[in-house]
Amino acid sequence: MIYEIREYTTVPGRMPALIKRFKDHTLGIFAKHGMECVFISLTELGDNGNNELVYVMKWDSYAEMADKWAAMMSDPEWVKVKAASEEDGPIVAKLSRRVLNPGAFA
């Protein structure tokens, strides 16, 4: 089991658009592709406070992670949703990700 932490820093003023995209579309598309989001939140204190969305994905393997991200990114529904949500300009200014492997502690 591995966990992927993804941190999206938004373009100033675009957090409402990112929240809407996640609530109305992204989380459902994750589910459609068998992708498990185990945590999602906004950063309130610390670096990027009020300008960052953080979520954690749970994967069985690196191969599963790569395969499911590739399938989701090429899904015509996702391509359409992403384009529509960015009609007024980009939403995400920066994406950071980390993959954590708790295997040493099992």
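Contact here means heavy atoms within 4.5 Å. The structure is a predicted model, in which local features need pLDDT of at least 70 and side-chain atom pairs count only at pLDDT 80 or more, while totals for chains, interfaces and linings use all residues. Residues are numbered from 1 along each chain as its sequence is written, and side-chain values use heavy atoms, with hydrogens and water left out.

Confidence was examined at the outset. The score used is pLDDT, the predictor's confidence in each residue, from 0 to 100. The protein chain averages a pLDDT of 95. At least 70 is reached by 99% of the residues. Helices (H or I, at least four residues) and strands (E, at least two) are DSSP runs, numbered from the N terminus. Helix α2 (residues 62–74) has the highest confidence, at 98. Strand β4 (residues 92–100) has the lowest, at a mean of 96.

The strands were considered next. Two strands pair if DSSP finds at least two bridges between them. Four strands form an open sheet in the order β2-β3-β1-β4, and their pairing is antiparallel. β2 (36–42) and β4 are at the edges with a single partner strand each, so one side of each has no neighbour in the sheet. On average, neighbouring strands of this sheet are turned by 15° against each other, direction ignored. Strands of a sheet pair through backbone hydrogen bonds, either parallel or antiparallel.

The pairs can be followed across the sheet. β2 and strand β3 (residues 52–59) are antiparallel and share six bridges. Within β3, V54 stands opposite S41. β1 and β3 are also an antiparallel pair, over eight bridges. I5 faces V56 of β3, and T9 has E52 of β3 as its bridge partner. Eight bridges also join β1 to β4, again in the antiparallel sense. Here T9 has K94 of β4 as its bridge partner.

Buried means under 20%, exposed over 50%, and partly exposed in between (1.4 Å probe, protein chains only). Of the nine residues of β1, eight are buried, so this strand is largely enclosed by the rest of the structure. β3 is mostly covered, with seven of its eight residues buried.

Axes are lines fitted to C-alpha atoms, for helices over the stretch in contact, and angles run from 0 to 180 degrees between N-to-C directions. Helix α1 (residues 15–32) lies across β1 (2–10), β2, β3 and β4. The helix runs at about 15° to β3. α2 packs on the sheet as well, touching β1, β3 and β4. The direction of α2 makes about 125° with that of β3.

Two helices also meet each other. The axes of α2 and helix α3 (residues 76–85) come within 5 Å and cross at roughly 60°. M72, M73 and S74 in α2 meet P76, W78 and V79 in α3. By class, this contact has five nonpolar residues, one polar and no charged ones. Ala, Val, Leu, Ile, Met, Phe, Trp, Tyr, Cys and Pro count as nonpolar, Asp, Glu, Lys and Arg as charged, and the others, Gly among them, as polar.

M35 lies in the loop between α1 and β2. M35 counts as buried, at 5% relative accessibility. Not counting residues up to four places away in sequence, M35 touches F30, M57, W59, K68, W69 and M72. M35 and F22 are 13 residues apart along the chain, and their C-alpha atoms are separated by 14 Å.

E36 is found in strand β2. E36 is partly exposed, with a relative accessible area of 41%. Leaving aside neighbours within four places in sequence, E36 is in contact with V56, M57 and K58. The C-alpha atoms of E36 and R21 are separated by 17 Å, with the two residues 15 apart along the chain.

I19 has its place in helix α1. I19 is partly exposed, at a relative accessible area of 28%. From I19 to P76 the C-alpha distance is 21 Å, and the two are 57 residues apart in sequence.
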